[in-house]
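Work through the exercises below with the sequence and the coordinates at hand. Each task is followed by its solution in steps.

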Amino acid sequence: MSNTKSVKKVRPGFYGWFALAGVMLVVFTIGGLFVQTFGVFLPVLTEYFGWARGSVALALSIGIMAFGLPSPLFGVIVARLGPKKALVWGNLLAVIGVALLSLVQQTWHMYALYAFIGFTAGFGGYVACTSVVANWFVNKRPLALGLFTASGGIGGFVFPPLAASLIEALGWQLAWVTLAGIVFLIGVVLGGMILT
């Protein structure tokens, strides 16, 4: 009997850089949209509804807590599901939450939606993304993590002026829907395809 070894099909070259590009797209959109555009929408919403700035700003605080506090739980779930599923599903749900911001009529709608967006973006964001980077990189992990982190900052540079232009051109409701579509295309579809 001949002893045959199973041969694994391996992609040519190092695929880790493509995986890094995928998570960079995800963090670019999350970093740019979730926190940084809030300051652009804040004066628009307070003027439109006559709400106090502090009551509207509370929504972002709730969202940030929902993004960060459950991180240990996210780590357990990402370990079971795998980072790609967490990235795609978490950010898909976050995109739905962002689109629903266009329907806000009360401050508690903002609180509930930002809590939802924070939780789902947290699930599909940094914990899943850093696990992708850690899985692919050993010697160049500091460089990969630096590039990954910088992409969130670049998103923070790009999305606020984009949001301001969209609000001016379309109004705040359609601006939210358009931003949700952009995040869906870049962060979920393109980022998820690269991680395949």
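A residue counts as buried when its relative accessible area is under 20%, and as exposed when that area is over 50%. The model used here is predicted.

**Exercise 1.** Decide whether tyrosine 114 and phenylalanine 34 are buried or exposed.

Solution. Tyrosine 114 has a relative accessible area of 2%, so tyrosine 114 is buried. For phenylalanine 34 the value is 7%, so phenylalanine 34 is buried.

**Exercise 2.** Search the whole structure for aromatic pairs, then classify the pair of phenylalanine 34 and tyrosine 114.

Solution. Step one: the search returns 16 aromatic pairs. Step two: the ring centres of phenylalanine 34 and tyrosine 114 lie 5.8 Å apart, and their planes meet at 25°. Step three: planes under 30 degrees apart count as stacked, so this pair is stacked. Step four: phenylalanine 34 belongs to helix H1 and tyrosine 114 to helix H6, 80 residues apart, and the pair thus links distant parts of the chain.

A further pair joins phenylalanine 49 and tryptophan 51; with 4.1 Å between centres and 10° between planes, the pair is stacked. Tryptophan 51 has a relative accessible area of 16% and is therefore buried.

**Exercise 3.** Which aromatic cluster contains Phe34 and Tyr114?

Solution. The cluster is formed by Phe34, Phe38, Phe67, Tyr114, Tyr126 and Phe148. One of these, Phe148, is also among the buried residues of H8.

**Exercise 4.** Compare the span of H8 with the expected value, and find what covers its buried residues.

Solution. H8 has 30 residues and reaches 42 Å from first to last C-alpha, close to the expected 44 Å. Its buried residues include Gly152, Gly155, Gly156, Phe159, Pro160 and Ala163. Their cover includes H1, H2, helix H7 (126-136) and H9. After H8 comes glycine 171, with a positive phi near 95°.

**Exercise 5.** Treat helix H9 (residues 172-194) in the same way, and locate its bend.

Solution. Step one: the 23 residues of H9 reach 31 Å from first to last C-alpha, close to the 33 Å expected. Step two: H9 bends by about 30° at phenylalanine 184. Step three: the buried residues of H9 include Trp172, Ala175, Trp176, Leu179, Ala180 and Val183. An α-helix has 3.6 residues a turn, so residues three or four places apart point the same way. Step four: the buried residues of H9 pack against helices H1 (16-36), H2 (38-49), H5 (83-100), H6 (107-124) and H8 (141-170).

Key. Residues are numbered from 1 along each chain as its sequence is written. This is a predicted model: local features need pLDDT of at least 70, side-chain atom pairs count only at pLDDT 80 or more; totals for chains, interfaces and linings use all residues. Side-chain values use heavy atoms; hydrogens and water are left out. Helices (H or I, at least four residues) and strands (E, at least two) are DSSP runs, numbered from the N terminus. The expected span of a helix is 1.5 Å times one less than its number of residues. The bend at a residue is the angle between axes fitted to the seven residues ending there and the seven starting there. Buried means under 20% relative accessible area, exposed over 50%, partly exposed in between (1.4 Å probe, protein chains only). Contact means heavy atoms within 4.5 Å. Rings of Phe, Tyr and Trp (its six-membered ring) pair if their centres lie within 6.5 Å; planes under 30 degrees apart count as stacked, over 60 as edge-to-face and the rest as tilted.
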